[in-house]
There are 2 protein chains.
Amino acid sequence: MTDPSAPSPAPTPPARTRREQIHEVASRLFSQRGYHGASMRDLAAELGMQGGSLYAHISGKEALLIEIVEQAARQFEGALMDLQTDPRPADERLREAMARHLTVVAGNLESATVFFHEWKHLSPEAYARVTAWRDTTEAFYRDLVAGGVREGVFRADLDVKMTANLILSAVNWAYTWYRPGGRLSPREVADRYAGLLLDGLRPPPKEATP
Amino acid sequence: MTDPSAPSPAPTPPARTRREQIHEVASRLFSQRGYHGASMRDLAAELGMQGGSLYAHISGKEALLIEIVEQAARQFEGALMDLQTDPRPADERLREAMARHLTVVAGNLESATVFFHEWKHLSPEAYARVTAWRDTTEAFYRDLVAGGVREGVFRADLDVKMTANLILSAVNWAYTWYRPGGRLSPREVADRYAGLLLDGLRPPPKEATP
DNA sequence: CCTACCGATCGGTAGG
DNA sequence: CCTACCGATCGGTAGG
């Protein structure tokens, strides 16, 4: 990691790194085996330590789950929320939001899987925080759709809630099938999905030539 | 359940009922707490028996998971597969497939949740069977989309795989938000989703009036 | 970060 | 379907 010919201006703090390693391996194990199916001894073994040694770095198993899930929630939030003040028309904002959302999912498949599957095992307080984050994301997409209707970029007769549900389905469900190194980048998936949603499956109407 | 004024022509076999009760409660517990988070003693307690007594009815915990997951898979298959020979145009077939798919999800929220979350805990043989079922469903939607393109009902430039992914996202993700007794029936959700997918979010082009 | 250990709980079985 | 039990494993701690 360190180039011996160069000075090392900012030595990496090692304590932080170890915690991050634990988080990373825990994300993988929780996503593969589920929260209850992955044991602290499994986790320790993957890091080359004994089970009890983990507790020098973390306070417990649930704290690990909380941090993984809340970090994922913060990433979704950080990717989307500044789009609320974006001046572009709603169709462009939709394309951009889907691209960012899919980029977070695709770039964090393991913690996204933990976020979607294991959040129900959180203690009531953390559970409530995650529920609030989910509601915020849903409201973001509903507002985007409603804004598009107001702008005249979207149909006036849209069911705003169902439209937001459909968009969320597309970007969230990607955690089940998207694999890095596949045919399409997250942005390409977003472009195709947004194109389908905006223009629909039907062929464009022919020029009126009776 | 039995009308005392009427003769009972086919007495219900009680052994089958007990197994079905176990399946039903297991679906709920597995969906709420996850496969590894739900214990056999939890399950027995909900049925008013001791942990060991379950094994008079079932062979083990994993057999229970296999049966729940495979029953769900069979329901999806049974709902969709006869549509392959349906003579209607692809847009109508799409609407019907989504309605049936959503009806299975909405009518079996617990086992659908187990199907989507816990199948990764199956033994290799059952895992392979479920994977094959998933592939069949994906192929069904890809064929439907490709058929629509051939018929001229869908745009010629569709990305068939991504279109099928988008449809599957819509109908599968419903397990996370659909609740019985909500605003819309599964069929109404399907109608709205199919309408959005077919016609898109953009307003219809005005009649050419220059 | 390790050794050694705690009480609790796990899936499952024997014998009735 | 129950009682009583099996060995294994769980999350976590004490003391170094």
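If we read along the sequence, chain A follows the pattern α-α-α-α-α-α-α-α, and the secondary structure accordingly comes to eight helices and zero strands. The radius of gyration of chain A is 21 Å, well over the 17 Å that the globule rule gives for 210 residues, so chain A is more spread out than a compact globule. Please keep in mind throughout that what we are looking at is a predicted model.

Let me stay with chain A as a whole for a moment. Taken along the principal axes, its C-alpha atoms fill a box of roughly 80 × 50 × 30 Å, and of the 210 residues in the chain, 50% count as buried. If we take the contacts in chain A with a separation of 6 or more, 68% of them are accounted for by residues 24 or more positions apart. The accessible surface of the chain comes to about 10,400 Å², and carbon and sulfur atoms make up 53% of that surface. As for charge, chain A carries 25 positive and 27 negative side chains, and the centres of these two sets lie 4 Å apart.

There is also a database record to mention, and I would treat it with some care. An unreviewed UniProt entry lists residues 39–58 of chain A under "DNA-binding region". In the model, the end C-alpha atoms of that span lie 14 Å apart, and the span is 35% helix and 0% strand.

Is B:Leu144 buried or exposed? Its relative accessibility is 5%, and because buried means under 20%, B:Leu144 counts as buried. Which residues does B:Leu144 touch, if we do not count those up to four places away in sequence? They are B:Ala90, B:Arg93, B:Leu94, B:Ala97 and B:Phe154.

Leaving aside the neighbours within four places in sequence, B:Glu96 is in contact with B:Leu83, B:Arg88 and B:Arg187.

Methods:
Residues are numbered from 1 along each chain as its sequence is written. Chains are lettered from A and ligands numbered from 1 in the order in which they are written. This is a predicted model: local features need pLDDT of at least 70, side-chain atom pairs count only at pLDDT 80 or more; totals for chains, interfaces and linings use all residues. Side-chain values use heavy atoms; hydrogens and water are left out. Helices (H or I, at least four residues) and strands (E, at least two) are DSSP runs, numbered from the N terminus. The radius of gyration is taken over C-alpha atoms; the globule rule is 2.2 Å times the number of residues to the power 0.38. Buried means under 20% relative accessible area, exposed over 50%, partly exposed in between (1.4 Å probe, protein chains only). Contact means heavy atoms within 4.5 Å. Accessible areas come from the Shrake-Rupley method with a 1.4 Å probe; for residues, only the protein chains shown count as cover. Lys and Arg count as positive and Asp and Glu as negative; His and the chain ends are not counted. The place of a charge is taken as NZ of Lys, CZ of Arg, CG of Asp or CD of Glu. UniProt positions are given in the numbering used here, feature names are shortened, and annotations may be inferred rather than shown by experiment.
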